[in-house]
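Have a look at the structure below and keep it open while you read.

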Amino acid sequence: TEGEQARIWSRGTQNTKAYEAALESLEYFRRFNPDDVILCRKKAEEAIALDPDYPFAVALLAWSHLVEVWNGWSKSPAESMKKAVELGQKTLTLDENYEGAHSLLGSIYLVQKQWDKAIEAGKRAIELSPNGADANGIFGITMSHVGRREEAITLFKKAIRLNPIPPGRYLLYLGYAYRDAGMYREAIKELMKVLLESPDDLRANAGLAATYALSGQHEKAQTIVGEIRRINPKFTLDNFAKTLHYKEEKDRKLVIDALQLAGLD
């Protein structure tokens, strides 16, 4: 549960102020948008200044750099990835039994297209924390991207059962997994949950537009395209394609073709 995970997050520090700063960093991170990721980084750096060897804080700092690469927010992707890798390795060095370090490295490997390493790291996180909501949810993201969607959906469902008020990214990527598996009704349901909490979530809107297009609901798809253009007038499919970290090119093409069908270019 969320409360039990909080005990894991405090592991490795005796500094209460560092712990509090790290929790604030996590809250900003979970909002999953460019502005709040910067605040996530600031709070993680505060926590590390108070306790340089605090694994959870170091991991959060790494995530702040990784998601900027993942979502195309970084002005210098190579530099951001370098920082994420260095901090990810440091997290593991500080506590090799911290499942969050392995989940983080698994996600780094995913972006680097090191598929086997991504899966191995995700499995290790689950071994260390079989009932950890984040360990299951993050591994679900990996499994979805490598095309093992039934396993991904099972992992997401378990994560959400363990944390009934889940971070939006669990619901987002569960929606993606359903869509990519051709389960459009289920995908729409999950993506609408994300948009209920965060109407301007670009990735959820893009996911919904693609799902509507794939399911033949073209008018609804065009309505969502209007929302995407409102949120980001500079949206292009070329840039968006770079944020899709699928193992198989056909999976990326499916999404891009669907968004083209919906009216984006």
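This is a predicted model: local features need pLDDT of at least 70, side-chain atom pairs count only at pLDDT 80 or more; totals for chains, interfaces and linings use all residues.

Residues are numbered from 1 along each chain as its sequence is written, and side-chain values use heavy atoms, with hydrogens and water left out.

**Aromatic rings**

A pair of aromatic rings is described by the distance of the centres and the angle of the planes. Rings of Phe, Tyr and Trp (its six-membered ring) pair if their centres lie within 6.5 Å; planes under 30 degrees apart count as stacked, over 60 as edge-to-face and the rest as tilted. The structure holds seven aromatic pairs. One of them joins Phe29 and Phe32 edge-to-face, with 6.0 Å from centre to centre and 90° between the planes. Phe29 counts as buried (under 20% relative accessible area, with a 1.4 Å probe and protein chains only), because its relative accessibility is 3%. Phe32 is buried too, at 13%. Together with Trp63 and Trp73, Phe29 and Phe32 form one aromatic cluster.

Tyr173 and Tyr176 are also edge-to-face, because their planes stand at 80°, with the ring centres 5.4 Å apart. Both tyrosines are buried. They lie in helix α10 (residues 168-180), three residues apart, about one turn of the helix; helices here are DSSP runs (H or I, at least four residues), numbered from the N terminus. The charged end of Arg179 sits over the ring of Tyr176, 4.6 Å from its centre (the rule asks for CZ of Arg within 6 Å of the ring centre and within 35 degrees of the ring normal).

**Packed helices**

Axes are lines fitted to C-alpha atoms, for helices over the stretch in contact, and angles run from 0 to 180 degrees between N-to-C directions.

| Helices | Axes come within | Crossing angle |
|---|---|---|
| α7 (residues 115-128) and α8 (residues 133-145) | 9 Å | roughly 160° |
| α2 (residues 16-31) and α4 (residues 55-70) | 10 Å | roughly 25° |

Angles under 35 degrees count as roughly parallel and over 145 as roughly antiparallel. Therefore α7 and α8 are roughly antiparallel, and α2 and α4 are roughly parallel.

Which residues of α2 meet α4? Ala22, Leu23, Ser25, Leu26 and Phe29 in α2 are in contact (heavy atoms within 4.5 Å) with Phe56, Leu60, Trp63 and Val67 in α4. Between α7 and α8, the meeting residues include Ile119 and Ile126 in α7 and Phe139 and Met143 in α8.

Methods: Buried means under 20% relative accessible area, exposed over 50%, partly exposed in between (1.4 Å probe, protein chains only). Helices (H or I, at least four residues) and strands (E, at least two) are DSSP runs, numbered from the N terminus. Angles under 35 degrees count as roughly parallel, over 145 as roughly antiparallel, 65 to 115 as roughly perpendicular and the rest as oblique.
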